[in-house]
Amino acid sequence: MLTQSDKPTRKQSKDSRADILQAAERAFADLGFGGASIRAIAREAGVNQAMIHYYYQNKDQLFSAVVARRSGEINSRRDDALDALFNDAIPSLEVLMEALLRPTIEIGHDDARGGSAYARLIVSFNNAADERSQRVTEEYYDPIARRSIAAMKRVMPALSEADAVRGYLFSISLALSVMAKTGRAARLSQGLCDDSDTEEIVANSVAFACAGIRALASKKDN
C-alpha cells in the first residue's frame with residue numbers, strides 16, 4: 001500500500017499511468033490475460049506493484065483501462081467523422097467505410113506509440129467468448145458499432161438490419177486482420193504487397209468492404 005508521502009504528484013501520476021498502460025498492453029498482447037502478471041508489468045513500467053493497485057485495484061481493471069485508452073482514441077475519431085460526414089449530405093459508401101476502418105488500421109500501424117501490441121490484443125479479445133472479453137467489447141465497442149450500423153443503413157437503404165450488422169462485423173474483422181504489420185502479404189506475393197504501406201492497406205480494405213456490403217444489399221431476399 002502506498003503511504004501518503006509515496007503518493008505521486010499530478011505529473012508523476014500522468015507519466016506513471018502511461019508507462020503502466022504501455023507495459024500492460026504489451027504483456028496482455030504477448031502473454032494473454034492469464035499469463036500477464038502485475039509483478040512483471042510493474043517491473044517493465046518501472047514502478048512498484050503498489051502503484052498499479054493504487055491506480056487500478058486489480059488486473060481486471062487494468063485490462064479494461066488498456067482497452068479504454070486505445071478504443072477511446074479510435075472511437076473518438078469515428079464519432080467525429082460520422083458527425084462531419086452527415087452534416088450536409090449523405091456520403092458515399094466508400095467515404096463512410098474509410099471513416100470507420102482507417103482509425104483501427106492506423107492505430108495498429110503506429111509503431112512509434114506501440115500500436116502493434118494493441119493490434120495483437122484486440123484480435124484476441126474480439127474473437128473470444130469469455131465473460132471478460134465480451135464485457136470490454138460490449139462496453140467499449142458496441143456503442144460505436146450501433147452508430148456505424150445505423151450510418152451504413154442511411155447510406156445503403158437496401159441493406160436489411162441483419163445484413164447491415166453482418167456487413168459491419170465483416171468489415172471490422174477485415175480491418176483487424178490487416179491492423180498488424182506481419183509481412184505475410186509480402187511473403188505470399190513475393191514482394192508485390194506491402195503491409196507497411198498504410199494508405200494502400202486502407203484503400204484496399206475500403207474497396208473490399210464496400211464490394212461485400214453492396215453484394216449483401218443486392219441479395220434477392222432483401
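What you have here is a predicted model, where local features need pLDDT of at least 70, side-chain atom pairs count only at pLDDT 80 or more, and totals for chains, interfaces and linings use all residues. Residues are numbered from 1 along each chain as its sequence is written, and side-chain values use heavy atoms, with hydrogens and water left out.

So, the overall picture. The protein chain has 11 helices and zero strands; helices here are DSSP runs of H or I with at least four residues, strands are runs of E with at least two, and numbering goes from the N terminus. Along the principal axes, the C-alpha atoms fill a box of roughly 65 × 40 × 35 Å. Of the 222 residues, 44% are buried.

Next, contacts, meaning heavy atoms within 4.5 Å. Take those in the protein chain with a separation of 6 or more: 72% of them join residues 24 or more positions apart.

Now let's zoom in on one residue, Met-156. Where does Met-156 lie? It's in the loop between α8 (142-155) and α9 (161-177). And is Met-156 buried or exposed? Buried, because its relative accessible area is 15%. Setting aside neighbours within four places in sequence, Met-156 touches Leu-93, Ile-213, Arg-214 and Ala-217. Gly-183, on the other hand, is 27 residues from Met-156 along the chain, and their C-alpha atoms are separated by 35 Å.

Note on methods: Buried < 20%, exposed > 50% of the residue type's maximum accessible area, 1.4 Å probe, protein only.
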